[in-house]
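Here is a short briefing on one protein model. Look at the sequence and the structure first, then read the points below.

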Amino acid sequence: MENDPELNGKYLGTISKDFVVVAETLKEASYQVRKRKISEYPIFVFSRTQVPVGSVFLAKEEAALEWHINASYLEDFVQRQLVMPDKVDDFKAAYKDPDEYCCLFVVDEDFQNFVFIPFPED
């Protein structure tokens with residue numbers, strides 16, 4: 001569940017560029033998911049092509065981004081078997097403070113992994 005080194009070189013630049021644009025929106029969405037008791041573990045899916053995980057949050061064409069962004073949460077990932085039930089405790093242990101970090105699930109062709117990106121300081 002750590003940030004994958006492969007992610008840093010290949011994806012982090014373009015993800016970071018889009019993330020800076022949408023960080024405040026994602027932070028507010030994360031807060032609302034937790035406040036409304038939908039889940040304590042919001043996850044935002046970043047994908048080059050639209051994927052059937054979560055709900056469309058920001059389509060890259062609409063927001064002039066390089067990545068589509070879907071909103072989801074841990075329980076949805078378990079239901080879809082993207083996180084196995086026996087790995088839920090590991091996921092929760094690795095999950096960082098959602099007021100400080102955004103949990104992303106990055107999907108691009110054969111690559112998929114979780115990454116936690118800190119929200120910009122106010």
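The side chains of R34 and D99 meet in a salt bridge, with N and O 3.1 Å apart. A salt bridge here is a side-chain nitrogen of Lys or Arg within 4 Å of a carboxyl oxygen of Asp or Glu. R34 lies in helix α2 and D99 in the loop between α5 (88–94) and β4 (101–108), so the pair ties together parts that are 65 residues apart in sequence.

This is a predicted model, in which local features need pLDDT of at least 70, side-chain atom pairs count only at pLDDT 80 or more, and totals for chains, interfaces and linings use all residues. Residues are numbered from 1 along each chain as its sequence is written, and side-chain values use heavy atoms, with hydrogens and water left out.

**Salt bridges**

- The whole structure holds six salt bridges.
- R34 is buried, at 12% relative accessible area. Buried means under 20% relative accessible area, exposed means over 50%, and partly exposed is in between (1.4 Å probe, protein chains only).
- D99 is partly exposed, at 42%.
- E66 forms a salt bridge with R48, and their closest N and O atoms are 3.6 Å apart. This pair links distant parts of the chain: E66 is in the loop between α3 (60–63) and β3, R48 is in the loop between β1 and β2, and they are 18 residues apart.
- E66 is partly exposed, with a relative accessible area of 27%. R48 is partly exposed too, at 24%.
- K17, R48, E66 and D108 are linked in a network of salt bridges.
- K87 forms a salt bridge with D90, with the closest N and O atoms 3.9 Å apart. K87 is partly exposed at 40%, and D90 is partly exposed at 41%.

**Overall build**

- The protein has five helices and five strands. These are DSSP runs numbered from the N terminus: helices are H or I with at least four residues, and strands are E with at least two.
- Along the sequence, the pattern is α-α-β-β-α-β-α-α-β-β.
- Of the 122 residues in the protein, 43% are buried.
- Take the contacts with a separation of 6 or more: residues 24 or more positions apart account for 55% of them. Contact means heavy atoms within 4.5 Å.

**The sheet**

- Five strands form an open sheet in the order β2-β3-β1-β4-β5, with mixed pairing. Two strands pair if DSSP finds at least two bridges between them.
- The edge strands are β2 (55–58) and β5 (111–118), and each pairs on one side only.
- β2 pairs with β3 (residues 68–73) in the antiparallel sense, over three bridges.
- L58 stands opposite I69 in β3.

**Two buried residues**

- Where does S39 lie? S39 sits in the loop between α2 (12–35) and β1 (42–47).
- S39 counts as buried because its relative accessibility is 4%.
- A polar atom of the S39 side chain lies 2.9 Å from the backbone nitrogen of Y41.
- Leaving aside neighbours within four places in sequence, S39 is in contact with V33, R34, Y73, L74 and E75.
- D76 is placed in helix α4 (residues 74–79). D76 is buried, with a relative accessible area of 10%.
- Leaving aside neighbours within four places in sequence, D76 is in contact with V53 and G54.

Notes:
Polar contact = N/O pair within 3.5 Å; in protein donor to acceptor, adjacent residues only side chain to side chain.
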